[in-house]
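The exercises below are meant to be worked through with the sequence and the coordinates side by side. Please try each task before reading its solution.

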Amino acid sequence: MPIVLAQQADGLLISDLGESGRATVVLQERIDQAAAAGPAALLAVWREGLAAIAAVHLCGQHLSQAFDRNLVQCPDGVIGYIDFEDDPSEVMTLAECQARDWLSYLHSTAMMLEAAAPQAAGQHWHAALSSVNEEVRERIANAARRMKWAQKLPASRRWGRDTQRVRAVARLLGQWYELNKA
């Protein structure tokens with residue numbers, strides 16, 4: 001756990017997440033490596049990210065940018081968080097910030113999941129959201145409704161990676177949303 005070295009109204013200086021001589025590993029790298037090992041390994045690492053975000057939310061907090069590149073595995077195995085350049089709570093409610101965290105994580109990981117294990121990822125996503133508060137779930141359901149059209153974007157790489165990411169997120173959200181409509 002990092003130590004607060006200095007703080008003031010507009011900033012915070014903390015120690016490194018890792019111990020000297022032992023590096024942290026960005027979750028994005030672990031996900032890439034796990035994908036090469038197969039769908040089960042990929043899902044296991046991805047669920048670690050889900051659990052890390054849920055832990056922050058259970059404390060009534062949110063992250064700044066919850067992309068897989070901003071979650072790191074510390075030498076002790078705990079997932080840490082980096083990149084707090086902005087504070088979305090300056091313009092959003094806590095529920096909106098937390099929904100943004102989930103959507104950011106999905107945006108950064110859904111394309112890999114869709115290629116390897118879309119159904120299993122949908123099941124794990126559904127399970128992760130079962131313990132999320134209702135207001136956050138409503139925000140995510142709203143995003144799923146609004147993104148439904150994006151499920152039909154072409155699968156061709158000719159449309160670029162961003163288009164493929166949006167399509168993958170929309171499809172993952174769509175699986176969960178369809179199960180929860182009623």
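**Exercise 1. Describe the chain as a whole, beginning with its charges.**

Solution. The mean positions of the 18 positive and the 21 negative charges of the chain lie 13 Å apart, where Lys and Arg count as positive, Asp and Glu as negative, and His and the chain ends are not counted; the place of a charge is NZ of Lys, CZ of Arg, CG of Asp or CD of Glu. This is a predicted model, in which local features need pLDDT of at least 70 and side-chain atom pairs count only at pLDDT 80 or more, while totals for chains, interfaces and linings use all residues. Residues are numbered from 1 along each chain as its sequence is written, and side-chain values use heavy atoms, with hydrogens and water left out.

Next, take the secondary structure: the chain has 6 helices and 5 strands, which are DSSP runs numbered from the N terminus (helices: H or I, at least four residues; strands: E, at least two). Read from the N terminus, the order is β-β-β-α-α-β-β-α-α-α-α. The radius of gyration of the chain is 17 Å, close to the 16 Å that the globule rule gives for 182 residues, so the chain is as compact as a globular protein of that length; the radius is taken over C-alpha atoms, and the rule is 2.2 Å times the number of residues to the power 0.38.

Finally, the C-alpha trace spans about 50 × 40 × 30 Å along its principal axes, and 37% of the 182 residues count as buried, a term that means under 20% relative accessible area, with exposed over 50% and partly exposed in between (1.4 Å probe, protein chains only).

**Exercise 2. Compare the surroundings of Ser-64 and Asp-68.**

Solution. Begin with location: Ser-64 sits in the loop between α2 (39–58) and β4 (71–73), and Asp-68 is also placed in the loop between α2 and β4. Then consider accessibility, where Ser-64 counts as buried because its relative accessibility is 2%, and Asp-68 is buried with a relative accessible area of 4%.

For the contacts (heavy atoms within 4.5 Å), residues up to four places away in sequence are not counted. On that basis Ser-64 touches Asp-83, Phe-84, Glu-85, Asp-86, Pro-88 and Arg-100, whereas Asp-68 touches Val-26, Leu-27, Gln-28, Ile-31, Tyr-105, Ser-108 and Thr-109. The side chains of Ser-64 and Asp-86 also make a polar contact at 2.3 Å, meaning a pair of N or O atoms within 3.5 Å of which, within protein, one must be able to donate a hydrogen and the other to accept it, and residues adjacent in sequence count only if both atoms are side-chain atoms.

**Exercise 3. Is Leu-173 buried or exposed, and which residues is Leu-173 in contact with?**

Solution. Leu-173 belongs to helix α6 and is buried, with a relative accessible area of 0%. Leaving aside neighbours within four places in sequence, Leu-173 is in contact with Leu-103, Leu-106, Trp-125, Ile-140, Ala-144 and Met-147. As a distance check, Leu-173 and Arg-145 are 28 residues apart in sequence and 8.7 Å apart in space, C-alpha to C-alpha.

**Exercise 4. Where are Ala-120 and Arg-157 found, and how accessible are Ala-120 and Arg-157?**

Solution. Ala-120 lies in helix α4 (residues 118–129) and counts as partly exposed at 22% relative accessibility; its C-alpha atom is separated by 10 Å from that of Leu-172, 52 residues apart along the chain. Arg-157 is found in the loop between α5 (134–147) and α6 (161–180) and is exposed, with a relative accessible area of 60%.
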